[in-house]
Amino acid sequence: MEKKRVNWKKILENVDQYASAVIFIAIMLLLFVQVVTRKLFNHSFTWTEELSVLLFVWMTYLGVSSAVTYRKNLRIDALLDVVPFKVKKILLILSDLVFMAFNIYLIFPFLELIESIGTAKTPLLGIPKAITYWLIPVILVISCIKLVIDIVKLLHEDEKRLGASKPSIDLDACEREYQERVAREKGEVK
């Protein structure tokens, strides 16, 4: 029996995506418990709402970091499609640099916010608020690291692959698979 090797690079590259998925499942379970207890027992756990909101904020920032990995961060591609290769490369790198500068700029207000919070705790769960906010600057730093990696990739990409992102759903592959299945079924019928 052949042992499959763990691809640590892929795991580290997508750790934010995996964490987001786990957080999403946790939010759904918390909200499910909230709805069931409210409808069946006429009693709701208010702490589930507080925890869900906290987890939702974390999931959102983890999504920003994940979007950088797959070049799904917000940008307008209309201009990129009509400019020459070298200009496109420069614009993509400039876009990453601006996004990186914005992330770095955001880190400092968040650090000031964390410092100003002091020892305050969340109302219901008593979680120190500083802990709940610390994830955001960490994610912003991780996003900056991923942007540097993307800039290095952009510097080495040829004209065909420049700035290309992986599709969330490969519709062409889905269509090919469907056509193959239809062809197989027609072959079996005959």
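**Close-up 1. Helix α3 from end to end.** In this predicted model, α3 runs for 24 residues and spans 36 Å from its first C-alpha to its last. That's close to the 34 Å you'd expect at 1.5 Å a residue. Look just after α3 and you'll find Arg71, which takes a positive phi of about 55°.

**Close-up 2. α3 alongside α5.** The axes of these two helices come within 8 Å and cross at roughly 5°. Angles under 35 degrees count as roughly parallel, so α3 and α5 are roughly parallel to each other. On the α3 side, the contact is made by Leu54, Val57, Trp58, Tyr61, Leu62, Val64, Ser65, Ser66, Val68 and Thr69. α5 answers with Ile131, Thr132, Leu135, Ile136, Ile139, Ile142, Ser143, Lys146 and Leu147. Sort the contact residues by class and you get 13 nonpolar, 5 polar and 1 charged.

**Close-up 3. The second largest pocket.** About 190 Å³ of space lies in here. Its lining takes at least two residues from each of α3 (46–69) and α5 (129–156), with α3 giving the most, at 5 residues.

Close-up 4. By class, the lining of the second largest pocket has 7 nonpolar, 2 polar and 2 charged residues.

Methods:
Residues are numbered from 1 along each chain as its sequence is written. This is a predicted model: local features need pLDDT of at least 70, side-chain atom pairs count only at pLDDT 80 or more; totals for chains, interfaces and linings use all residues. Side-chain values use heavy atoms; hydrogens and water are left out. On a 1 Å grid over the protein atoms alone, a cavity is a set of points where a 1.4 Å probe fits but cannot get out, and a pocket is an open set with protein on both sides within 12 Å along at least five of seven lines; lining residues have an atom within 4 Å of a point. Grid points are joined across faces, edges and corners, and a volume is the space filled by probe spheres set on the points. Helices (H or I, at least four residues) and strands (E, at least two) are DSSP runs, numbered from the N terminus. Ala, Val, Leu, Ile, Met, Phe, Trp, Tyr, Cys and Pro count as nonpolar, Asp, Glu, Lys and Arg as charged, and the others, Gly among them, as polar. Axes are lines fitted to C-alpha atoms, for helices over the stretch in contact, and angles run from 0 to 180 degrees between N-to-C directions. Angles under 35 degrees count as roughly parallel, over 145 as roughly antiparallel, 65 to 115 as roughly perpendicular and the rest as oblique. Contact means heavy atoms within 4.5 Å. The expected span of a helix is 1.5 Å times one less than its number of residues.
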